[in-house]
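Subject: Structure handover

Hi,

Here is the structure you asked about. My notes follow below it.

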Amino acid sequence: MRLHLIIVLILVVSWPLNSQEFIRISGRQPCATDSIQLGRTAAYSGAAFVDVNQDGYLDLSAAPGYLLINDRSGHFQYFPNAFPGASNPDNTNCGVTWADFDNDGFLDVCIAGYPTQLYRGLGGGQFKRVEQVLFAEDSIPAWGAVFGDINGDAWVDLVTVYPANFVQGAPIEGNRLLMNDHGVFREDCNYTFTSGPAPYTVGTIIDFDEDGDSDLFFGTGPGGPSGYDSIYINHRQETGGKQLFSHLSGYPFSDSLQNGQVYSFVDLDNDRDLDLFLTNWQSVPNRLYRNIGGHYVEETSVLTQKGTFLSPVWGDFDNDGDLDLILVQQVGLTELYLNDGTGTFLRYDGCHPLLATLAVGGTAGDIDRDGDLDLYLHSRSFGKAFYLNGSQNGNHWIQMDLIGTRSNRAAIGARVFTYSRIHGMPVSQRRDVSACNTFNGHNALRQHIGLGDAVRVDSIVVHWPSGIIDVWRDIPSDQILTLKESFDDHR
């Protein structure tokens, strides 16, 4: 087996505030685009941090079929045959999404492409390709996919995304909605988004209106003139499961012309509700919508600029108790924005190691288990690189691996709330577990919370997709917890 090792840490550059530092692993120049030699991937591919071998350390999955295993000492080993029968060439536009679709305790992966391939995790970093007819060699052309429990039965379903003219060599198709029947997928063709091609980009599954069922968002960036994104609201709760999706309207983001890429529903201002940030492509600026009492209000911000923006990578990179943003664009600079705690952002730029041209995807996770979020940027050619977060600000943190019992095993769709006192003030923070929240990929499923000077968390409250609410109290900071869903509702 040929191993590719990432072996050196070469550069530390400090930000002027908050001692924010990143260390590029591999590469020779501060702004170089040479890095991990994984081949010349296509222009529009994604990546995800995920623990594939259950050793507690995050590994890297990068489209079209790369798997790099973390050896726990700062190195990653590339396993070229990790996915048996993988057939997408390096130049295929494609994405990855991870969940436990058969609820057996081992994470599985869908690699979107042509063909789209589904792999069952066997444990220990071993995978077997699913041979179901839906995933035959010519069945599902796509460039992105997302797992989510759409009908609330505790089995994650799968949506694949077909963007017109962006799946090489594929027949003209539409998106697919594949409902999971206890580990077997069955297609549902009853919606307009499955009826034919359109310039769909990335799919997001999230319960944005918090009514207990998962809604579906497609960025529909036509790449040229602007258009309307394809957004569908789920009516499962209101209709007792008789009706699922209908078009959403009446919101500023649904009724405005966009060139949409990725819908990010995150709590920017720590008020426990979901705000929205949307990356747009060239003709339309990025959009920021603040959730004020359930109403989405568009705001102008340093984030709302025009460019070739694709991937938002959200995380508390300085562990101060609020969500920051690393914003990736295909042609131009990768940018870091630090949150002041109210949802107001400051941009840091200049020739620092996060700057890279031709980057498209990104994923955040704590790869060295030191409590701060690290980064991987996925690019078209040789700009791929890991970046260790080398901050030395002394801020505390907590991380959580969630295990569903009555919900799907990977807890996709769970909402996590923490309550703590930071600098003497009560602070609530929120995270939502998602299998697609960057461009054609996602951040680690392990949830990370920065705690500033808080040495304890007063409480952690998890709202599981099943409706169960579990509470953990008085937890020391600076540890990685495993939180398992109870069988009783502790509200």
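A polar contact here is a pair of N or O atoms within 3.5 Å; within protein, one must be able to donate a hydrogen and the other to accept it, and residues adjacent in sequence count only if both atoms are side-chain atoms. By that rule, the side chains of serine 61 and tryptophan 98 make a polar contact at 3.1 Å.

Two notes on the source. This is a predicted model, in which local features need pLDDT of at least 70 and side-chain atom pairs count only at pLDDT 80 or more, while totals for chains, interfaces and linings use all residues. Residues are numbered from 1 along each chain as its sequence is written, and side-chain values use heavy atoms, with hydrogens and water left out.

Back to serine 61. The residue sits in strand S4 (residues 59-62). Strands are DSSP runs of E, at least two residues long, numbered from the N terminus. Serine 61 counts as buried, at 1% relative accessibility. Buried means under 20% relative accessible area, exposed over 50%, and partly exposed in between (1.4 Å probe, protein chains only).

Most residues other than glycine have a negative phi, and most peptide bonds are trans. These are the exceptions to look at:

- Alanine 63 and proline 64 are joined by a cis peptide bond, with omega about 10°. Proline 64 lies in the loop between S4 and strand S5 (66-70).
- Tyrosine 114 and proline 115 are also joined by a cis peptide bond, omega about 10°. Proline 115 lies in the loop between strand S8 (108-111) and strand S9 (117-123).
- Arginine 72 has a positive phi, near 75°. Its place is the loop between S5 and strand S6 (76-78), and it is exposed at 52% relative accessibility.
- Alanine 411 has a positive phi of about 65°. This residue is in the loop between S30 and S31, and it is buried at 0%.

Strands and sheet

Two strands pair if DSSP finds at least two bridges between them. An open antiparallel sheet has 4 strands in the order S32-S31-S34-S35. Strand S32 (425-432) and strand S35 (469-476) are at the edges with a single partner strand each, so one side of each lacks a neighbour in the sheet. The twist averages 20° from one strand to the next; axes are lines fitted to C-alpha atoms, and angles run from 0 to 180 degrees between N-to-C directions.

Strand S31 (residues 415-422) and S32 are joined by 8 bridges. Isoleucine 422 has methionine 425 in S32 as its bridge partner.

Elsewhere, 7 of the 7 residues of strand S27 (residues 359-365) are buried, so S27 is largely enclosed by the rest of the structure. S27 runs antiparallel to strand S28 (residues 374-379), with 6 bridges. Glycine 362 stands opposite leucine 377 in S28.

Cavity

What lines the largest cavity? The residues are Gly144, Ala145, Val146, Val161, Val202, Gly203, Cys436 and Asn440. On a 1 Å grid over the protein atoms alone, a cavity is a set of points where a 1.4 Å probe fits but cannot get out, and lining residues have an atom within 4 Å of a point. A volume is the space filled by probe spheres set on the points, which are joined across faces, edges and corners. The largest cavity has a volume of about 30 Å³. Strand S11 (residues 144-148) gives the most to its lining, with 3 residues.

Best wishes

Conventions: 1 Å grid on protein atoms, 1.4 Å probe; cavity = no way out; pocket = protein on both sides within 12 Å on 5 of 7 lines; lining within 4 Å.
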